[in-house]
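Here is a short report on side-chain pairing in one protein model. Take a look at the structure first, then read on.

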Amino acid sequence: LSGFGPLEVFPILAPTLPLLCALACYAMARRMWGPAYGVAAALTSGLLLGSTYLQFEEARLPNFLGEYFLIVLAVAALIGLYASPGARGGILLALLGASTVLYHQIAGYSLAVLLGVISVLFLPYLLLRDRGRGVYLLTSFVLLGLLSVFYAWDTYDLPNLVAGMLGGSETGRGGEAVAMAIGTKPANGPGHFLMTLSHPVLWLGLLGLPLMLAGRERGIPDFLARLTLLVWTLLLFFGSLTSYSGFPDRFERDLGVPLALLAALTLVTLVRLSPRSG
């Protein structure tokens, strides 16, 4: 519509993209703990989280949009579905989660693993003890999966991939991409976090983990929200420590997003515990 080509628009549009991570983290922290935590999360993810600048510097914008914006919003929608189960929340989760497939395979891969673990841990309990919430969650996950397959059908050559896995023939470009990644990139180890993650986010985020787990429980939705953030953090942590995750370096950088949320929890908690704030 503007007549500008992509390379002409890039210098104008790209510098604004790191703001998306701050907005997404604000939305999620506000939904989990309240407005003050949302403002703190926008600060820790927008200014202190060094990996956002690294993604921008290396022009990994599709991965940035998937990991630092869409996945955060999808997790926020999931937490909202815990609190207020309904068709609107379920459709929102499905649309946001499936859209990661359109941007980057790593984002779709990490979100699929996260939702798979949540399905195993949470869905049986919810279907048995809280059927209404469990049914909405299950329906949303099914819709998300169907949309993801539809989006990835041509992009990742799913027909040849599935046929190759079942029949032993060529798996197409999708399978070739997986084979080229799994087990080929060495993991750097936890000590490398000091080089890729900004120190305030790393240390405040680690302190926020026990603060979140020790916080006062406010019902089942709050309990599930905290467990979801914990599972997300642990998956990225362990994914960064093994080459069999395929992309340990990306998992290491993406770990900064949940740590930025936990760092916001630490900041607000420390401010409220200080004598001057009382």
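Asp222 and Arg218 pair through their side chains in a salt bridge, at 3.3 Å from N to O. The model is a predicted one. Arg218 is partly exposed, with a relative accessible area of 47%. Asp222 is buried, and its relative accessible area is 10%.

Asp222 also forms a salt bridge with Arg226. Here the closest N and O atoms are 2.9 Å apart. Arg226 is buried, as is Asp222. Both residues sit in helix 13, which spans residues 220-239. They are four residues apart, about one turn of the helix.

## Another salt bridge

How many salt bridges does a search of the whole structure find? It finds three. One of them joins the side chains of Asp130 and Arg133, with an N to O distance of 2.1 Å.

Is Arg133 buried or exposed? Arg133 counts as buried, because its relative accessibility is 12% and the cut-off for buried is under 20%. Asp130 has a relative accessible area of 23%, so Asp130 is partly exposed.

Helix 11 covers residues 193-196, and Thr196 lies in it. Which residue does the side chain of Thr196 join in a polar contact? The partner is Glu252. Their side chains make this contact at 2.7 Å. Thr196 is buried, because its relative accessible area is 15%.

Note on methods
Residues are numbered from 1 along each chain as its sequence is written. This is a predicted model: local features need pLDDT of at least 70, side-chain atom pairs count only at pLDDT 80 or more; totals for chains, interfaces and linings use all residues. Side-chain values use heavy atoms; hydrogens and water are left out. Helices (H or I, at least four residues) and strands (E, at least two) are DSSP runs, numbered from the N terminus. Buried means under 20% relative accessible area, exposed over 50%, partly exposed in between (1.4 Å probe, protein chains only). A polar contact is a pair of N or O atoms within 3.5 Å; within protein, one must be able to donate a hydrogen and the other to accept it, and residues adjacent in sequence count only if both atoms are side-chain atoms. A salt bridge is a side-chain nitrogen of Lys or Arg within 4 Å of a carboxyl oxygen of Asp or Glu.
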